[in-house]
Amino acid sequence: MEDGYQNRTGFIKGAKDIAKEVKRQTSKKVGRSVDRMSDEYSKRSYSRFEEDDDDDYPMQGSQDGGYYRGDSQAANDDEGGHSDSTEGHDEDDEIYEGEYQGIPRADSGKGSLAGGPGSVRAGAQQFRDVGVSEAERRKDQEELAQQYETILQECGHGKFQWTLYFVLGLALMADGVEIFVVGFVLPSAEKDMCLSEPNKSMLGLIVYFGMMVGAFLWGALADRIGRRQSLLISLSINSIFSFFSSFVQGYSTFLFCRLLSGVGIGGSIPIVFSYYSEFLSQEKRGEHLSWLCMFWMIGGIYASAMAWGIIPHYGWSFQMGSAYQFHSWRVFVLVCAFPSVAAIAALNAMPESPRFYLENGKHDEGWMILKQVHDTNMRAKGHPERVFTVTTIKTVKQMDELVDTGTDTPVWQRYRLKIMSLSQQIRNNILACFSPEYKRTTFMLMAVWFTMSFSYYGLTVWFPDMIKYIQKQEYESRTKTFTGEQTAHVTFNFTLENQVHRQGHFFNDKFLNLKMKSMVFEDSVFEECFFEDVTSTHTFFRNCTFIASLFYNTDLFKYRFVNCKLVNSTFIHNKEGCMLDFSDDFNNAYMIYFVNFLGTLAVLPGNIVSALLMDKIGRLRMLAGSSVISCVSCFFLMFGNSESGMIALLCLFGGISIASWNALDVITVELYPSDKRTTAFGFLNALCKLAAVLGISIFQSFVGITKAVPILFAAGALGAGSFLATKLPETRGQVLQ
């Protein structure tokens, strides 16, 4: 023990001697640099020293200001990047045993001594002209962009990127699922919650409003608090309110939960593409961002398959009295939250974007993550001995954000000031997207996003509605009409469907345990009739007279009797709420689920082609070419006069247009710098959802009236979008700003 103590004392003494020498050399350099304050940020010097213990932080800086270790030095370094001890300072402010000094960074040479020249420079820096500071910041960003690309080349593309690919793919899959959920449950939910036509329309559009708010909110926050943290928060909100929406009973609460669920998932697309792009080198970026788009398709396939497998199984339900009912469509809503929950669990194991850290002056955190990327890929490729040679990475000069959060300030006041500061930073970021440097690019992208979204979402909703209209026409063509029939003492205990009865007379008839579907009775008389256990859909009595009739346990509510007279008739134990239509035939489920399944699957060829060609022919050619072909394909819609024909055209349009979406995602990521990337992407994606709402509303209004107007709208929007896309700058082969 005594020997160990002596060894420890000797080690401490040796460490102090080294520290004093370093401090003396640093003081000399600071003194010499006072006369060269204008060159302070371009001429930095670092003292190099080597510790005798096995601390494997890269403490060596380059003598000539370089970023990489010498070959001989790198061979002796260990692979890790942590400090075993973080002791403090002694009374002389000297380094002693195991003190963590941090990874050397570009500004490490300008640390200030108390009361020394460094503090004078720090004080002067706070009052430097804002324009000069912004110019320095931009110069730092340009240097960082070039060096960051070189570092990504050294890290390689391998296991780490593929792991992140599947993790972020789950988040993108959750976005794809969210788009389809309401459309799949609407036929069941409208009966379960007695929805009127206006309420049905609002329920169909509410998710787009939520996603519009979410894209703008989370995109802006991701540039301030980090990509990973923002994505975790947004997915958590989506998961929580998706879960709640499967249990709530009322229409208003269900609408509210779906709105907040949409707000949560709205941040997925802007953050996912920006996050993943910052781990990809320039020759891999276009291809692998296009591969990532496939998860949106997988989300649509998952939703279609789950709907087809769950919703028609009406036995998967329970109820507590007549007030609480949990039908199979609610099980489907619950299952659709799984991708979001899985993404949250997987994302907790992934790091923040190192580019975000470096843009915000956090050198050590960014260095550690890049080292993790390098080591993970090298081990997976069978080269664990390869050492991450980067020792110093350029960090961007930070603009001072002064917020008084002193100890005397109340807690609520501190949070208020922080929120105000954060809001101001977000506002400045949004305004920066419309600065002279980016104004033209932003307006051009706004036009392209709007036109593509207007036509794509408008047509993809118009297709199923047209198929419904064609089916409805075919169904109505088989309607049977009975006029002047008279029945007495007859018991009806079978299903009545798709019939019209005019001027009939029913005397002492019994309607027992039957289902009425699409039945219409006009100008008829029901005398001493008995209705028991009757369920109905799309059934109405118009200008009918009921005399001494009894209704027991039926769902024939008042709105089903239009201009009718009820004389001495009684309603006992009416069913509460709206009943699900258990007699829906397979064709309806086929239309809703299988058609969407085919339409989603049809984008697979387009995804593959865009991924393979994105880095070969460029983003602009892919975007403009796909938009032009989609524009031409719109005119084939004139020939869709049958159900199978409309399905085929839906698949054709989806397969062609997906390539333009992939190219638009890639070019949006690459046209903005890292500190504004998710803000700009979120703003453009919010505009996309607004255009989707307008497109859906306008196109639906022409169903059953004319095909020409929707086709001309879609073709015109796609044509304008393809023309404007050619005016955007090409980003292929450029480093990520």
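**Confidence first**

I started with pLDDT, the predictor's confidence in each residue from 0 to 100: the chain averages 77, and 76% of the residues score at least 70. This is a predicted model, so I keep in mind that local features need pLDDT of at least 70 and side-chain atom pairs count only at pLDDT 80 or more, while totals for chains, interfaces and linings use all residues. Residues are numbered from 1 along each chain as its sequence is written, and side-chain values use heavy atoms, with hydrogens and water left out.

Which elements have the lowest and the highest mean pLDDT? Helix H2 (residues 71–76) is lowest at 39, and helix H13 (residues 338–347) is highest at 94. Helices here are DSSP runs of H or I with at least four residues, strands are runs of E with at least two, and both are numbered from the N terminus.

Residues 1–13 have pLDDT below 50, and beyond near neighbours in sequence I find four contacts for them (heavy atoms within 4.5 Å).

**Helix H6**

I followed H6 (residues 197–225) from end to end: 29 residues, 42 Å from first C-alpha to last, close to the 42 Å expected (1.5 Å times one less than its number of residues). I also noted a kink of about 35 degrees, centred on leucine 205; the bend is the angle between axes fitted to the seven residues ending there and the seven starting there. Just after H6, glycine 226 has a positive phi of about 115 degrees.

**Aromatic pairs**

I next looked at rings of Phe, Tyr and Trp (its six-membered ring), which pair if their centres lie within 6.5 Å; planes under 30 degrees apart are stacked, over 60 edge-to-face, the rest tilted. I get 54 pairs. In one of them, phenylalanine 180 and tryptophan 296 have centres 6.1 Å apart and planes at 55 degrees, so I wrote it down as tilted. It links helix H5 (residues 159–192) to helix H11 (residues 294–310), with the two residues 116 apart.

Are they buried or exposed? Phenylalanine 180 is buried at 11% relative accessibility, and tryptophan 296 is buried at 19%. The cut-offs are under 20% relative accessible area for buried, over 50% for exposed and partly exposed in between (1.4 Å probe, protein chains only).

Phenylalanine 526 and phenylalanine 546 are stacked, at 4.8 Å and 5 degrees, and both are buried.
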